[in-house]
Structures are given as structure tokens and as C-alpha cells.
Amino acid sequence: MINPYLPHQAKIQSVKQETTGDRVIKTFKLVLEDNSCRESFLYKPGQCAMLGVPGVGESMISITSSPTQKESIAFSIMRMGKVTSAIHEKEAGDPLTLRGPYGNHFPLDEWKGKNILTVGGGIGQAPLSSIIHYVLDNRTDYGAIDIIYGARTTADLCYKEELFEMERREDIRVHLSIDVREEGWDRYVGFVPSNLLRIKPSPENAVAITCGPPVMIKFVLKNLLQLGFAESQIYTTLENRMKCGIGKCGRCNVGPVYVCKDGPVFSYVQLKSLPEAHIS
Amino acid sequence: MENYGLKKDSLKEFLKTLQDVELFAPVRRGDVTAFEHVSDPEGVALDLEHQPLPAKKLLLPQTEILFAFDKKGLPKEPDFRGTKKKRFVFGVRPCDARGFGIIDSVYEKDCPDPYYVAKRSNTVLAGLQCSHPFPNCFCTSLGGSPSSSEGLDLLFFDCGGSYLIEVYTEKGQQVVKEAQSLLSSPSAEQITEKEKVVREAAERIQRSLSLDGVLRNMEILFEDPIWGDMARKCISCGICTYTCPTCYCFDIQDEKIQGKAKRVRIWDSCMFGEYTLHASGHNPRPTRAERLRNRMYHKFKHNIDLHGIAGCVGCGRCITLCPANEDLIENLQSIESAR
Amino acid sequence: MLKKFDPNIVAFLCNWCSYAGADLTGTSHFHYPENLRAVRVMCTGRINPLFAVAAFRQGADGVLISGCHPGECHYMQGNYLARRKITLFRNLMEFVGISPERLRMSWVSASEGKKFADVVKEVTNKIKELGPLSAFEE
Amino acid sequence: MDNQRFRDEAKRILSEGNVRCLIGYSKDAAGFRVSPLFARTEGDVERLLFSPLCNISLVNYLTLEKGALLESGARAEEDKIAIVARGCDSRALCQILAEKGISRERLIVLGVPCPGVIDLSRIEARFQGRRECAEVTEEGGAYLVRLGNDSYAVPKEELLAEHCKRCSFPNPLVYDVLLGEPVAQRKPSYEDVLAVEAMTLEEKEKFWKEIFGRCLRCYACRNACPLCYCDECVLERLSPQWIQRSVNGGDNLSFHLARAYHLAGRCAGCGECERVCPVNLPLMLLNRKMEKDMQALFGHTAGTDVEQKPVFSTFDRKDPEDFIL
């Protein structure tokens, strides 16, 4: 019988500091040590994995790379608790443990032919980044791509260089924002939900995926509906404290669903049926 | 089904005869009893009333090492079977045995838990019929009974001077075979007596509830202030969940002693505030009201929706042992009568 | 043959006196047993007996807490406060069956290198006499 | 105890306007149990009572009701909570007040001189299987127990809770209203502690190993304790993690040492930790050992003076130091 608690060995290929300030985010690119593990670790955008530091513990982190990026699996991690702090101490070449992938994923096959809108805030861009890379690597399968992303300050923006580069591309529209005015910032200043209303993306033949702080998600959902998006066109991801990743340890439930195995991806329609999700 | 008679004063001898098994049974610890590995059956104490922990802990230990790490930080392949010998658990309350069925629906399906499954398949459960159910027992309201055979390999009925043993499974038969010399065919009197104790035990159940109205009302009561009122007495300890034969939630922690690290899982309780606390400080269930509500929904709605059975067997421990007198039955009745 | 008992001793040393005293012991080449693991704290008044509990659980057979002589605390009264806490905690230890000799205190100033060596010798010998600590085993 | 006078006082207090609720006792519908009642209305007050069955300390509910109440320096115009306090509960309140963990202005204390309460497990065992709503009064050294149409006289000592037998603070120290006449004080005695002290170290280790080995770490002892009101408990800390979560001899010993030490010089002797323990650990032994030694070493008795400094934030130059090298 497979032991789902037994993690695989992974090596850190590179570490990139994404943000500065009091909530440091770093992106860790990992490579599984074992060849057969590498081949069997098949994931899709939206899925998560348990990252661990032996002797310290494990944390469930969403995968920020796309399965089309074969060379490594990337995780963007905010320094927060005991485990994420220990991971932040690690450097390229250091080992970490990895198990997964866990949970469901964004229905990217169903979305073929549609326009994709992502609305992210802060570290919430991590799973959205996986979608963006996947869609860009399968560009002809999808329609227009709009990326709305914001953070408190420029120091808190993840994937800056990459997004600035995307801004120059013809086949994708990037709308960045920060909450408070800063010198040298000529893009939008204000909260992400307001930026969304300002840009007014068309709901026609589109899906919208949002991820970020709970309060941002709440207003983004409201504004998407106001823009004419149907409930069935809206997706988000949830997070909760997790220990096992396989629906046994109990704590990540939102009503009858377990975020680790039934989530983390939920459509607005599903969320509405979960009073504990508190979206309305 | 096979059945046998066993003289009461031969019970200890019967247990001693079981050579190829490791015996687990309740033993006295202070003024309560607890299931433990028993090397000398003389120590077996069949006081099932003062038994805060059900036999659950034998298949789902409170602390279980998932694996140790070697010096390089690599996990060492664990031996989750623990013992090569079969385990024979004697003196299980029928309600607790039904509890395993509820845990099975989570632990044996949909990515099975190897630690639990290994112990489960290696364990023979021998029940003891509850001839005198306790004041807060309500198993009969949840599809069980003091004489339920569900989940058991064999069941002992106390017929005064002797036991009548019913054997339900091949696994149970295998074990009993070894003690054949102590067993007899049950006499007609024993069978009559057994029927009498079964009938009388069911009549002795004093408490009951109906879940129909509860299920209906749970559809509409989620945001009701009833949960705050209900949780007001609760002191957020772990007694109701730890002593529950169907609660299975756990925490995973890495622990290090003198540089030797291991990953352990330890029972956890949804009644603790820390249970759902995010590292960021956000807590989706920050107060006692949300936590008690979650526990009630999990046991009496979600479990029924997901697995077709309530997450409760009516053992009454959470009522008897609650320091604040939270009464599960009264709480369910107040849900039922809320609208 | 029985393996010789080599005790683990954890010492919490005050930054302003005993830690410097221990340094002086080294530079003055006074010899003392090598069983000691030193942890520097800013003042003995900062020490919670939980430090000792954690040390014992982690395999220490003895704990030494060393600070400034009475009246010489850098923060005026930290050592007096520590004395109270440790006095009581030793009683608690004894009550649950752990020899209080496993938790010792000493006053060692920055100039008392010799005294520090003597304290460590005495503590180590006492712990050797008591043998390994079993109470904190699983 | 005159329950009518009690209810009249309660009504008067609740009618004063800025009282959020009155925390008292009410009889459960069946059996011997008495539960906390959070009274707001006159109707609630009719259910209030005090009887020898009131074996729960309500002090802990001040923390549970709202953390804010316990903030020192909270503004007086904010709402008040009224609480029924027996001798030991009043002592706990006194200790919390001395620690400035509570604001006196926001409390209304209904003190009840308490001749001791009944151990629930004893009375449930004595009347096994009876589920009628019990009514108990104390008359002349005996409990008069009424169950349905039957009534029984049971000698007091047979049912009295263990910690009450050793209570030397039966009369409230801190109160706004005193309900009933002061009762006779029992002489302090530490025979239970002395018996353990008389054991050898090996005997003690064995004695406590068996006890701590039973512990389930359900934390009911902590959660029920009126003096355990910290916002964040050391047991929940992950870094540094002083006490590991594993339930085994060593970690359980660590936990109980931490618990006993944190209550040293603070325990009010209410016995809640023992009452709530599902495996009946004699935790008061540890608390009482600390109480006894505090008294002998530093002349400190917890919860007797609202102006008293916490024992570990003060010192005497002449404190014992015979163990210091």
C-alpha cells in the first residue's frame, strides 16, 4: 500500500526573492531527486503540494509553475509561520521534502477557446501564475488574456520583472496596481476590485479566476457579477490550515468539503452552496 | 454464525489460551479503565462505565510515529504494522465497534491510511454486550443497540454464570479455535438467557433522540444565533472529541529529541481554537460557537450526506464527561425545536 | 561492560558575569569537565523554569543556572527574582520524583574563573553520582 | 441559602441597566447536574439557584464571555458582568484583580459563603441510574436529597468534594453583595501533600509516572482553571515549542510541571482541574504542594489581598539560597 504521508526528496534549484518589506515572499524552484518521482509527479494548474523541512514540519503550498514548464516545480512562499520561516532560510542546493500534488485543478480543458481573466492580489497571484504560464504555453487554445494584479506597494508585488515583460507583449493585457501612490509608478493606484471595475473586462465568452486576501476576493466577486459575469464563469481558490492533504486530519473543511482534496479550486456556484465560505 | 458457551470462571483461562495473538483489554488505571496491551489476563477489568477512552485508540493511537528521519533528513521507511502477531481486543462496547465502521468510511477509502488499515486488518474485535447500559447511553437512537454485532468479529453475552459467545467472522473463528477445549455448545438455557439479556438491555436505555427534524433544521439554521447560545457553556477542551469513538482528526508535528527528528501524528480536536488557526493569525472558526457548530454539522449532517451515516454511535461519553454539562442530546433537541 | 555515564549538563549563564567568568576559566586554563553546554542569557531573571524542563526533555541530566552575586545584578534585581523561581521549582521537581540536585544555581562574577571551574566540577560530580535522568523518557 | 433573596438581588442587579448578564447556576432538567446560567431577563432569574450541587466555578466564564472584560484599564462606562462567586471563586477573582487581569469596576460579585459542594461522581454513583431532577439541601451535617417522591439523608462527608474538605477560604473575600451568613472555616491541612513528600524519590517518580501516563492532554484542566486566562498559552506556541504535542511520559511530565509552576502562588484552590479531568488525575496535589511551599518559603498566600504583588515579581533579600553554589 502506498504511504501517502511519506514525502519525496527534492532539491532547491534556485531561490528568487520576490518581495521585500515585512512580508517577504520568495519563489523556490524545486527538482525531485528521484527520476521516477519526477515522472510521476504530474500536476495541473491550481493544485498544491506539501513542502517540508525535516524536523520542522510541513506546509501546503500552491504550485506556481505550470506543468508545461518541465525543468522544475515552483512555489512562491510568504514567510509567515514556523515552516515557511524555515523554508526561507534555505538556499539553492539545499534539500526539501515534497509530497503531492493535492487537490483539484482549474478546468483548463473546458476553458479552451475562452477568454481568460485573472484577478489577483498579493501572494494570491501564485496559483494564477500557473494558469497564465499554462495558457501562454498553449496560446492558440485560448482567446484574449487579461491579467489584473495588485499589491499594497511595489515592494509587495510578486513576479515584477516577468509581469513588466508581459506588459510589452501584444497577445496579452496586463493591468497592475498598487494600493498607495508611489513615486515612479505610472500605472493604476487603488485597490484591485476598483481596478477591475475601471478596466471593465467583457464577460462574453470569458472565465474569471480570482485569488487573494479574503476581503479582496469578496469585492472582486461582487464587481465581477456587476460587470455581467455569470456565477458559472467565476472561479476562485480557498486555503485553510492543513496537515494531511488527503482528507483525513479534518481541519481544512468548509462545510462538507475538504479544501485539500475537494478544493482548492471552487466555482462561484459551488461556493454559494457553502455557507461556511462566507462569500456573500 | 457459530456460538459457544464459556463458563465465567474460565474467562481468564480462555484469554490465556490465545497463544498466537497479542491481547488488548481494559485494565484499571486509577479509578478508570483503559485499553492496554495485557500480558496477564488476571489484570483485565471489565468496568466499561468508567472507561473514558474507547478502543479507538488501539487502531488510531493518540500519538503515532509516522516515520523517523535519518541523519540526512531522509524519511526512514516505517513499519506501520507495529506487530506481526494478530491483535485480539477483548471487551469492546458494541457502540465503540460501530464507531470503527464510521472511521473506516474515511480511513479505508479514497486514499487509504496505511497505518490504520494495517492495524484494522490485523485486529480481531471481541465485544462485550452491554447488559446494563449507562445513564447517558442512546445507541438505540442511532441504529445501534447494546447487543449490536456490527463491526465485531465475536460478541460475549453475560448470561449470569457463563458467557454465550457469538462468532461472526472467519477471523473470529480462527482465534476461538485455539480455546476449543474451554468452549461448549450453548445450552438451551443459555440461549434463553441471552435473549433475555438482549431484551432487557435495550429496555434499560433511558435516553433517546430523533434526527429527522435535526437534519431538516440544519439546512436553515447555519447562521442562527442558536450556536452561540449552545456554545456558551463550552470551555473549548478536547474531552468530547478525544473520548468519541468516531472522532478521528489529528495534527502532524515534527519533533526532535537530541537531534533525532521524527514526524508524529497526535489526536487533535476541532474544539480547540488553534485547530484551524492559520499562520497569518486568521482563524476561520475563531469562537466556540463556530467550532461547536462545525462539530454538530460534521457529525449530524455532513457525515450523513457524505457517508450515509451519522458520525455518532450514541455512547454518551461526551455527555457524561463534559465539564460544562454540554448535553449532546439536549443540543440536538434544541436544533430540532428551533424552527 | 557498562558504558561509563557521561552526563549532559546545560548551563544558562548571565551575560554580565558568569558567561564572562566561564570565558576567563578558559583563558586562564583552569580545567573543568567537558559535559557542559552553555547558553548565554541576558540575566538570570529572564530564565523561566520551562527552560530547564525543555533541557531535561531534550536529554540534559542536569541544569546549571549561574548569575551575578546578590546585589550585583546589572538590572538591579534579576538574580533575586531567579532565586525565588528556582527555589520553588526545585521543590516541585523533588515532589514529582526528580532530585533537585539536578537543577543548581551559582553566583559567579566575571572575575571568578576559578570558581566557575569549581562549580562545574561539583555539579558534574553530583550528576554523575545521581546517574542518568529517567523521568523525562517517553 | 435563601434562593428567593438571591433571585431578588439578581433582579435588582440586572435592572440597573449596564449589566450585560449575570453568570450564575441553574439546575439541569434531569439528574444531579447544575449548569452555568447566563441570566439577562427576569425569566432567566427565576431559574437561578444556589445549592450544594453547584460544583462548577464560573470565574472562567469571564474570560470566555469576552476577553475584553479582562483587559486592565477598561473604561468603566462599558458594560458590567455580574457573577456568583463561592469562597474559592472569590479568591480566584481576588488573585486576578491583584494581577490586574480584570477591571473591578466592570464586575458585580454576588458572594456566597459556601459550606462545600458535592462531588458529582459520588452522588451519581450513590444514586446510580436515577435521572429524576434532583433537589439537594444541606441540613445539620447531612445532605437531604429529593428525587421525585423519594427523599434521602446522606452524611455530608460521603458526598463532599475532596478539595472542599480542605478548603480554608469558604467565605468570599471580594464581593459586592453577600448572600447568606459566613460559614465556619476549616483548618488548613496538607496531609495529602505530606503523604507524597514522605515517599522516596523513586517512589514519587513511580507514583507520578502512573498518573501522568494516564493524561490525555485534553487541556480541560487548563481551560477550566479560573487563573489560566492568558490570551496565548505557552502550550500552543510552536516556536519556541516548550512542550511537544506528543502524548507520552516525558512530554506529559513537561506539561504538568509547566501547568503546576504557572499556577504556583496563584491557584485559588477551587479544584476545577480535578473536577473536569476525564481520567481523574489528582492535580490539586501539585497545586497544593506549591501553595504550601509558597506559604512556608515566602509567606505568600494567593488570592487573599487585591494589593498583593505577584510572588515572582517581588523578592526578599533573605529568601532561602542554601542550594546556591
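A residue is called buried if 20 or more other C-beta atoms lie within 10 Å of its own, with C-beta atoms placed from the backbone. The model is predicted, so local features need pLDDT of at least 70 and side-chain atom pairs pLDDT 80 or more, while totals for chains, interfaces and linings use all residues. Residues are numbered from 1 along each chain as its sequence is written, and chains are lettered from A in the order in which they are written.

In chain B, the buried residues of α10(B) include B:R288, B:L292, B:Y297, B:H298 and B:F300. Helices are DSSP runs of H or I with at least four residues, and strands are runs of E with at least two, numbered from the N terminus. Helix α10 (residues 288-307) of chain B has a kink of about 45°, centred on B:H298; the bend is the angle between axes fitted to the seven residues ending there and the seven starting there. The cover over its buried residues includes α7 (212-218), α8 (226-231) and α12 (328-336) of chain B. Contact here requires C-beta atoms, placed from the backbone, within 7 Å. B:G308 follows α10(B) and has a positive phi, near 75°.

Chain D holds an open, mixed sheet of five strands, in the order β2-β1-β3-β4-β8. Strands pair if DSSP finds at least two bridges between them. The edge strands are β2 (34-39) and β8 (177-178) of chain D. Strands β1 (residues 19-27) and β3 (residues 80-85) of chain D run parallel, joined by four bridges. D:I23 has D:I83 as its bridge partner in β3(D).

Conventions: Buried ≥ 20, exposed ≤ 12 C-beta atoms within 10 Å, placed from the backbone. Contact = placed C-beta atoms within 7 Å.
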